[in-house]
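Here is a short report for a first look at this model. Keep the structure open as you read.

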Amino acid sequence: MTIEGVDFRVTLTPGGGIGLLALHASVEGGTGELADELAERCGAARLVFRQSDGEPVHITSARMAAAPCGLLRDFLARVDVVVSLHGHLRKAAPRSIFLGGADRSAAHLMAGGLQALRPRFEPVTDLALIPAALRGVHPGNPVNMAGGPGVQVELPLLARTTVPGGADMPPRDVADALADGVRRLRVLARKA
């Protein structure tokens, strides 16, 4: 599949009412691996975009949503709540896990699962404390385009990779905490 001149390998796996989305798996290391693992562990649907080759290019979430992508449309039509996994490199917040997205109740539920990561990582749900570019509240962002709005999870580098600059294998405790958070969201998916 090609979006804005960039070739992607896209993996869509059906699952329950929760959908895990990694739009930037090639650019934001560890997010695709987390989506794969969490979908398997939690029985959730997943959609992962990996660039085929060349230097990774970051295409914004809104531009990805605007592209003619049947797999994205199919994914969004099949799930009730989206958890969109992203990475950030904010020097002022190297241990902050930002929980944005338009569904603030879902963000708080996710944060409950991430409490186990304290004090190493700090879950942040207050939109005023989340950098504007990482909030994920725009209605044109795929995280908010399923049956209802969802949660945008912005993970710092240390929460996405065990060896920065090396393998994109997320730390075990982060995967465990995120799986707990995704399981907590099942209550919302059942209501939708």
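The model is predicted. Start with strand 5, residues 81-88. Eight of its eight residues are buried, so strand 5 is largely enclosed by the rest of the structure. Buried here means under 20% relative accessible area. Both faces of strand 5 are covered. One side carries Val81, Val83, Leu85 and Gly87.

Which strands pair with strand 5? Strand 3 does, in parallel, and so does strand 8, also in the parallel sense. The table lists both pairings.

| Partner of strand 5 | Residues of partner | Bridges | A facing pair |
|---|---|---|---|
| Strand 3 | 18-22 | four | Leu20 opposite Val83 |
| Strand 8 | 151-156 | six | Gln152, bridge partner of Ser84 |

Now turn to the largest pocket. Its volume is about 400 Å³. Lining the largest pocket are 23 residues. Closest to its centre are His58, Ala133, Leu134, Gln152 and Glu154.

Which element gives the largest share of the lining? Strand 5 does, with three residues. Helix 2 (61-66), strand 5 and strand 8 each supply at least two residues. By type, the lining of the largest pocket holds seven nonpolar, 11 polar and five charged residues.

To sum up, strand 5 is largely enclosed, pairs with strand 3 and strand 8, and contributes three residues to the lining of the largest pocket.

Methods:
Residues numbered from 1 in each chain as written. Predicted model: local features only at pLDDT ≥ 70, side-chain atom pairs only at ≥ 80, totals over all residues. Heavy atoms only, no water. Buried < 20%, exposed > 50% of the residue type's maximum accessible area, 1.4 Å probe, protein only. Pairing = 2+ DSSP bridges. 1 Å grid on protein atoms, 1.4 Å probe; cavity = no way out; pocket = protein on both sides within 12 Å on 5 of 7 lines; lining within 4 Å. Points joined across faces, edges and corners; volume = space filled by probe spheres on them. Nonpolar A, V, L, I, M, F, W, Y, C, P; charged D, E, K, R; others polar.
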